[in-house]
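Q: Got a structure to go through with you. Can we start with what the burial words mean, then walk through it?

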Amino acid sequence: MRGERRVTGKSGSGALWRVPAWLTAVVALLTSLVVTSSPAAAGQPYGPYTCASGYVWREAYAGDQVCVTPAIRTQTATENALGPSRREPNGGPYGPDTCKQGYVWRETRPSDHVCVTPASRDQAYSDNSNAVLRLADPGGTPHGGVSITTSLNQTGGRLYANGSGLTPNGTIWFYAVGIGTTGPFVLGTRTADASGNLPGWQYVADVWCRSYQTGPATIVVLDVKAGLVTTAGTTTAFLHCG
C-alpha cells in the first residue's frame with residue numbers, strides 16, 4: 001500500500017504492523033529540530049551584545065551597541081538629527097565639525113563629532129563606562145585585541161595583559177565574570193599608549209582564589225572611550241588555592 005512502510009515487528013495478535021511513512025518523516029523532522037535548535041537556544045536573542053533587561057542599544061552611529069535606557073536612545077536620535085544645526089557654518093578652530101558656542105562633541109567614540117550639550121557628553125561617557133554592567137552576558141562577547149596570561153601562586157595568581165587596536169591613550173578596564181558574584185567583578189585598569197597598544201605583558205591585578213570556584217573565569221575588557229566590550233581569555237587563578 002502506498003504511504004506505508006512495513007516494519008519487522010509483530011503486534012500482540014501476531015500480525016505484522018505497519019507505520020505510515022508520513023509519521024516516520026514527522027518523527028525524523030522533529031528529532032532534527034530538537035538537535036539543531038539547542039545551540040541557538042543557548043545564545044542571546046540579539047547576539048553577544050544583547051542588553052540586560054531595561055536597556056536598549058544606543059545607536060549613536062551604525063554598529064553602536066552600548067546599552068542605555070530607552071530615554072537615552074531617544075535623546076541620541078534627536079541629537080543626531082540636530083547635530084548639523086549646532087555646527088559653525090563656516091567651520092572654526094576644529095575644522096568643519098567645530099561646534100557653536102555652548103556645544104561640544106558627544107564622543108560616544110573618538111570619531112563621534114555630533115554637537116551636544118556638555119551634559120550629554122558626560123552622559124555618553126558614563127554610558128560607555130557602564131557598558132559591561134548592562135550586557136546580558138558580557139562573558140559571551142567576542143575576543144578582541146587584548147590577551148591575558150596568569151602567573152599562578154599559592155593564593156591565586158597575577159594577571160597580565162597585552163594588546164593592540166585600542167583607543168590611543170584610552171582607559172582599559174578589566175573584569176572577571178563567572179566567579180559567583182552578582183555582576184562583573186572589577187580587577188583593574190591599564191592605559192593604552194599613543195598607538196592604541198598595551199605593549200609587553202603589563203600587570204593588571206592580583207587574583208585571589210575562591211574555595212567555591214568550580215571553573216575558570218572569563219576576563220572581560222572595556223575600552224571606555226569606544227564603549228567596546230570584548231573578552232581576553234580565561235584564567236584558572238580563582239581555582240588555585242594552595
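This is a predicted model: local features need pLDDT of at least 70, side-chain atom pairs count only at pLDDT 80 or more; totals for chains, interfaces and linings use all residues.

Q: Ser-151 then: what does its relative accessible area make it?
A: Partly exposed, because its relative accessible area is 38%.

Q: Which strand is Ser-151 found in?
A: Ser-151 is found in strand E7.

Q: What is Ser-151 in contact with, leaving aside neighbours within four places in sequence?
A: Gly-156, Gly-157, Arg-158 and Tyr-160.

Q: And how far is Ser-151 from Val-207 in space?
A: 9.7 Å, C-alpha to C-alpha. In sequence, Ser-151 and Val-207 are 56 residues apart.

Q: What sheet is E7 in?
A: An open sheet of three strands, in the order E7-E8-E11. The pairing is antiparallel.

Q: How many bridges join E7 to E8?
A: Eight, and the two strands run antiparallel.

Q: Switching to aromatics. How many aromatic pairs does the structure hold?
A: Three. One of them is Tyr-160 with Tyr-203, 6.1 Å centre to centre, with 70° between the planes.

Q: Why is that edge-to-face?
A: Because planes over 60 degrees apart count as edge-to-face, and this pair has 70°.

Q: Where do Tyr-160 and Tyr-203 sit?
A: Tyr-160 is in strand E8, residues 156-163, and Tyr-203 is in strand E11, residues 198-208. The pair links distant parts of the chain, 43 residues apart.

Q: What about Trp-173 and Tyr-175?
A: Trp-173 and Tyr-175 form a tilted aromatic pair, 6.4 Å centre to centre, with 35° between the planes. Trp-173 is partly exposed, because its relative accessible area is 30%. Tyr-175 is buried, at 4%.

Q: Where does Arg-109 lie?
A: Over the face of Tyr-61, 3.7 Å from the ring centre. Arg-210 lies over the face of Phe-185, at 5.2 Å from the ring centre.

Q: While we're on Tyr-61, how far is Ala-77 from Tyr-61?
A: 9.4 Å in space, C-alpha to C-alpha, and 16 residues in sequence. Ala-77 is found in helix H2, residues 70-82. With a relative accessible area of 47%, Ala-77 is partly exposed.

Q: Back to strands. What order do the four strands of the other open sheet take?
A: E10-E9-E12-E13, with antiparallel pairing.

Q: Which strands stand at the edges there?
A: Strand E10, residues 185-191, and strand E13, residues 228-235. Each has a single partner strand, so one side of each is left without a neighbour in the sheet. Neighbouring strands of this sheet are turned by 25° against each other on average, direction ignored.

Q: How many of the residues of E12 are buried?
A: Six of the seven, so E12 is largely enclosed by the rest of the structure.

Q: What joins E12 to its partners?
A: Seven bridges join E12, residues 217-223, to E13. Six bridges join strand E9, residues 171-177, to E12. Both pairings run antiparallel.

Q: What stands opposite Ile-219?
A: Gly-233 in E13 stands opposite Ile-219. Ala-176 also stands opposite Ile-219 in E12.

Q: And the hairpin of E12 and E13: how many residues are between the strands?
A: Four. In that hairpin, Gly-227 takes a positive phi near 70°.

Q: Last thing, confidence. What is the mean pLDDT of the protein?
A: The mean is 86, and 82% of the residues reach 70 or more.

Q: Where does pLDDT stay under 50?
A: Over residues 1-42. For that stretch the model has 23 contacts beyond four places in sequence.

Technical notes: Residues are numbered from 1 along each chain as its sequence is written. Side-chain values use heavy atoms; hydrogens and water are left out. Rings of Phe, Tyr and Trp (its six-membered ring) pair if their centres lie within 6.5 Å; planes under 30 degrees apart count as stacked, over 60 as edge-to-face and the rest as tilted. Buried means under 20% relative accessible area, exposed over 50%, partly exposed in between (1.4 Å probe, protein chains only). A charge sits over a ring if NZ of Lys or CZ of Arg is within 6 Å of the ring centre and within 35 degrees of the ring normal. Two strands pair if DSSP finds at least two bridges between them. Axes are lines fitted to C-alpha atoms, for helices over the stretch in contact, and angles run from 0 to 180 degrees between N-to-C directions. pLDDT is the predictor's confidence in each residue, from 0 to 100. Contact means heavy atoms within 4.5 Å.
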